[in-house]
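Please examine the sequence and the three-dimensional structure shown here. The paragraphs that follow lead through the strands, their pairing and the contacts between side chains.

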Amino acid sequence: MVDLSFSGGGDGSGMIRRANYDGSLHLHWPGRLPQPRLEGAKAVYPEVLDGVDLVLIATAEG
C-alpha cells in the first residue's frame with residue numbers, strides 16, 4: 001500500500017509526500033506553488049516558472 005499526497009499550494013514544502021511500509025519520502029519545491037488544478041489523477045500547478053506548468057500524476061504505484 002502507498003500513501004500519496006500532493007500540496008494544495010503555498011510555500012513549496014511538502015509538494016509530494018509518499019509513504020509505504022519501508023518508509024517515507026517528502027519532496028519540496030524551491031519557491032511558492034500556486035493552487036493546483038485537478039484533472040483526474042493529475043495535479044497541474046500553472047506557471048511555476050514563466051511559461052511552465054508543473055504536472056504531478058498519481059498512479060497505483062505512487
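**Strands, hairpins and core**

In the hairpin of E4 and E5, two residues lie between the strands, and Gly40 has a positive phi near 65 degrees. Strands here are DSSP runs of E of at least two residues, and helices are runs of H or I of at least four, numbered from the N terminus. The model is a predicted one, in which local features require pLDDT of at least 70 and side-chain atom pairs pLDDT 80 or more, while totals for chains, interfaces and linings use all residues. Residues are numbered from 1 along each chain as its sequence is written, and side-chain values rest on heavy atoms, with hydrogens and water left out.

The chain as a whole contains zero helices and six strands, so that its pattern is to be read as defined by the DSSP runs. Along the sequence this pattern is β-β-β-β-β-β. The C-alpha trace spans about 40 × 25 × 15 Å along its principal axes. Of the 62 residues in the chain, 23% are buried, where buried means under 20% relative accessible area, exposed means over 50%, and partly exposed lies in between (1.4 Å probe, protein chains only). A contact is defined by heavy atoms within 4.5 Å. Among contacts between residues at least 6 apart in sequence, 26% join residues at least 24 apart.

Strands of a sheet pair through backbone hydrogen bonds, either parallel or antiparallel. In this account, two strands pair if DSSP finds at least two bridges between them. An open sheet of three strands has the order E1-E2-E3, with antiparallel pairing. Strand E1 (3–6) and strand E3 (23–27) are at the edges and have a single partner strand each, so one side of each is left without a neighbour in the sheet. From one strand to the next, the twist averages 5 degrees, with axes fitted as lines to C-alpha atoms (for helices over the stretch in contact) and angles running from 0 to 180 degrees between N-to-C directions. E1 and strand E2 (residues 16–20) run antiparallel and are joined by four bridges; Ser5 has Arg17 in E2 as its bridge partner.

The loop between E1 and E2 holds Ser7 and also Asp11. Ser7 counts as buried because its relative accessibility is 9%. Its side chain reaches the backbone nitrogen of Gly9 at 2.9 Å. Leaving aside neighbours within four places in sequence, Ser7 is in contact with Ser13, Gly14, Met15, Leu33, Pro36 and Tyr45. The side chain of Asp11 makes a polar contact of 2.8 Å with that of Ser13. A polar contact is a pair of N or O atoms within 3.5 Å; within protein, one atom must be able to donate a hydrogen and the other to accept it, and residues adjacent in sequence count only if both atoms are side-chain atoms. Asp11 also touches Trp29, Gly31 and Arg32, not counting residues up to four places away in sequence. The C-alpha atoms of Asp11 and Trp29 are separated by 8.0 Å, although these residues are 18 apart along the chain.

Strand E4 (residues 37–39) pairs with strand E5 (residues 42–49) in the antiparallel sense over three bridges, and Glu39 has Lys42 in E5 as its bridge partner. E5 in turn pairs with strand E6 (residues 52–57), again antiparallel, over five bridges; Tyr45 has Leu54 in E6 as its bridge partner. In the hairpin of E5 and E6, two residues lie between the strands, and Gly51 takes a positive phi near 75 degrees. Within strand E5 lies Glu47, which has a positive phi of about 55 degrees although it is not a glycine.

Side chains of opposite charge can pair when their charged atoms come close. The structure holds one salt bridge, a term for a side-chain nitrogen of Lys or Arg within 4 Å of a carboxyl oxygen of Asp or Glu. Arg37 and Glu39 form a salt bridge in which the closest N and O atoms are 2.8 Å apart. Arg37 is partly exposed at 41% relative accessibility, and Glu39 is partly exposed at 38%.

The largest nonpolar core consists of eight residues: Met15, Ile16, Leu33, Ala43, Tyr45, Val48, Leu54 and Leu56. Such a core is a set of buried Ala, Val, Leu, Ile, Met, Phe, Trp, Tyr and Cys residues joined through side-chain atoms within 4.5 Å. E5 and E6 are the elements that give two or more residues to this core, and E5 contributes the largest share, three residues.
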